[in-house]
Structures are given as structure tokens and as C-alpha cells.
Amino acid sequence: MAWKWYDSTIVRIEDCAPDVRRFWLQMPVDDPLEFKAGQFVTMDLPIHEKRLKRWRSYSVAGPPGEKEMPEFCIARLEGGAASAYFFETAQVGETIRFKGPDGNFVLPDELSDRDLVFICTGTGIAPFRSMIQDIRRRQLPYRSIHLIFGTRYAAGILYRHEWEALLRDMPDFQFSVALSRESELRAEDFSFPVYKGYVHQIYMDAYPKAQPGQDFYICGWSNMIDDAVENLLVKMAADKSRIHYELYG
Ligand SMILES: Cc1cc2nc3c(=O)[nH]c(=O)nc-3n(C[C@H](O)[C@H](O)[C@H](O)COP(=O)(O)OP(=O)(O)OC[C@H]3O[C@@H](n4cnc5c(N)ncnc54)[C@H](O)[C@@H]3O)c2cc1C
């Protein structure tokens, strides 16, 4: 799939959590965004005079089936130029120019013998939402999926209701959460396991040694990814070819 430039229109904006918003972009008529679950686009945002300083990448947060109106899940970073645009300026009706799709952070064609471990923090959950929804919509056979998500507070658990529904409906799907700053955690407030701390403890406890058939996908900022890759390679003896990551910055 070669990338090209599109002019899309913001058609819906919703808060997803404190400092995280969902944006839906309407594609031009008869020109949907053909992408694979997990891929991203690069937007040319009105935030700088110099072209290259205007470009920011965002993973598509919905499945390829939503190619006429892809969804994006965007966090506000303190002092960030694109953050200021998305949280202070962007309105429904505005045009967003972007190129895409791009990236190799996609699932293998054959999943029936795979145990997928998805590790992410914050909006790093976006490509995994796209992949999981794609697996569900197309009823792709898989062995198991474990989504491990980290954020600071319980209010930051993105798409919480969707994961709760999937825990009821989707066989062999697990959702585990690490909250780094929540002071008091009560198990009865959650229908999934929640830990105080960081994502790393969750996968290391669950899988002390990597197993054949396990694929580890990691998405987020560099500190988390660096630590995860080191843990997987050194402590869990995972095969390098089974570790896939998407670095946000
Ligand atoms: C392939 C790809 C996909 C992406 N997908 C998404 C997505 O789906 N959703 C999303 O919200 N973002 C995503 N990003 C990140 C996004 O492209 C921007 O980098 C982000 O929105 C910040 O841009 P900004 O202009 O607001 O900040 P900038 O002005 O570019 O950066 C400045 C701010 O970022 C902060 N910052 C820099 N590095 C880090 C770090 N490691 N951790 C925390 N803060 C840091 C700095 O403190 C500074 O305040 C993706 C990035 C890539 C490369």
C-alpha cells in the first residue's frame, strides 16, 4: 500500500480521558484511507511555517473497516505544538491534510498459532485497538491476546468500556492495567486485574520466560519501549524476531 496525501475533515471530537481526545476524520468522497490495522498517518498541521516542523504522526485508532472515517486518539503533551493545536484550536469542520498510511507495525497474516502480547502506555493503545477490532470484525483465528496498558490514574484507562465488553465476549482475551500514580486501588472497582506500578511488572510476572508462539508488540514513548525490549531480550529470553515495536518519540 503506497502512501499519498489526503485532505480530510474533522467531523467529530470527543474527550476520551483527561488530556486525551478522540478525533474522527472524514475522508474525501470515493477516496477512503486503505490501511492495515496498526499503521499510522503523518499530518501536516498548521503549527509552524516550516513544512517539516509541521509534521506529526498518529496511529489510526480504529479498524480498517472504518476507512471512510478513521479515528485517532491523541494525547496532550505539556508544551507540545500539535497538542496545543488539537486541544485549543482544532474544531469540527476544519481540514486536516495528511499522508499515509505508513508503518510496518502490523499483525502477521496468520494468527491461528499466535499468542499476542500487546504492551502499551497512554495513546500507545491506539494501534492495538485497531488490531483487536480488526481481528474481531474479520473473525480472524488467534490463540490468545493479552493487552497490557499503563497510565497514571484510573481515569486515564482509555476505551475502558470497550475492553470490559470484550472481556465478556472475546475468548482468550485478557486486559491488565498498571497505574503508576493512583494512591488507593480497590480490586472491586475493576473487572480486570489492576496493579500499582508500571507495565513491565505485569508481563514479567505473567511470562517469566517467553514461549514459542508468543509475539510481543510494544507501543509508546522511548523510555517504556527501551525497558520493555531489554526485559524481553535479557530477562525473558524472547526471540528478537518476535518483538515488534512502534516508537512515538
Ligand atoms: C509512528 C507514530 C505514531 C504516533 N501515534 C500517536 C497517537 O496515536 N497518539 C498520540 O497522542 N501521539 C502519537 N504519536 C506522537 C505524536 O506524533 C507527537 O509526537 C505528539 O502528539 C507530540 O507532539 P507535539 O507537537 O504536541 O509535541 P512536540 O512539540 O513535538 O514535543 C514537545 C513536547 O513533547 C514532550 N515529549 C517529548 N518526548 C517525550 C516523551 N518521550 N515522553 C513524554 N513527553 C515527551 C516534551 O516534554 C515537550 O513538551 C505518534 C508518533 C509516531 C512517531
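**View 1. Strand β4 in the shell around the ligand.** In this predicted model, β4 supplies the largest share of the shell around the ligand, four residues. Local features require pLDDT of at least 70 and side-chain atom pairs pLDDT 80 or more, whereas totals for chains, interfaces and linings use all residues. Residues are numbered from 1 along each chain as its sequence is written. The shell holds 22 residues, a residue being near a molecule if its C-beta atom, placed from the backbone, lies within 6 Å of it. Gly-79, Gly-80, Ala-82, Ser-83 and Thr-123 are the closest. Two or more residues come from each of β4 (55-59), β5 (71-75) and α1 (81-89); helices (H or I, at least four residues) and strands (E, at least two) are DSSP runs, numbered from the N terminus.

**View 2. The ligand between two domains.** Because domain 1 (4-102) and domain 2 (115-247) both give residues to the shell, the ligand lies between them. The domain bounds come from an automatic or database domain assignment.

**View 3. The contact of domain 1 with domain 2.** The C-alpha centres of the two domains lie 24 Å apart. Domain 1 gives 16 residues to the contact and domain 2 gives 14, where contact requires C-beta atoms, placed from the backbone, within 7 Å. On the side of domain 1 that touches domain 2, β1 (4-17) and β5 each give two or more residues, and the largest share, three residues, comes from β5.

**View 4. Surroundings of Phe-118.** Not counting residues up to four places away in sequence, Phe-118 touches Phe-128, Ile-145, His-146, Leu-147, Ile-148 and Tyr-217.

Notes:
Two residues are in contact if their C-beta atoms, placed from the backbone, lie within 7 Å.
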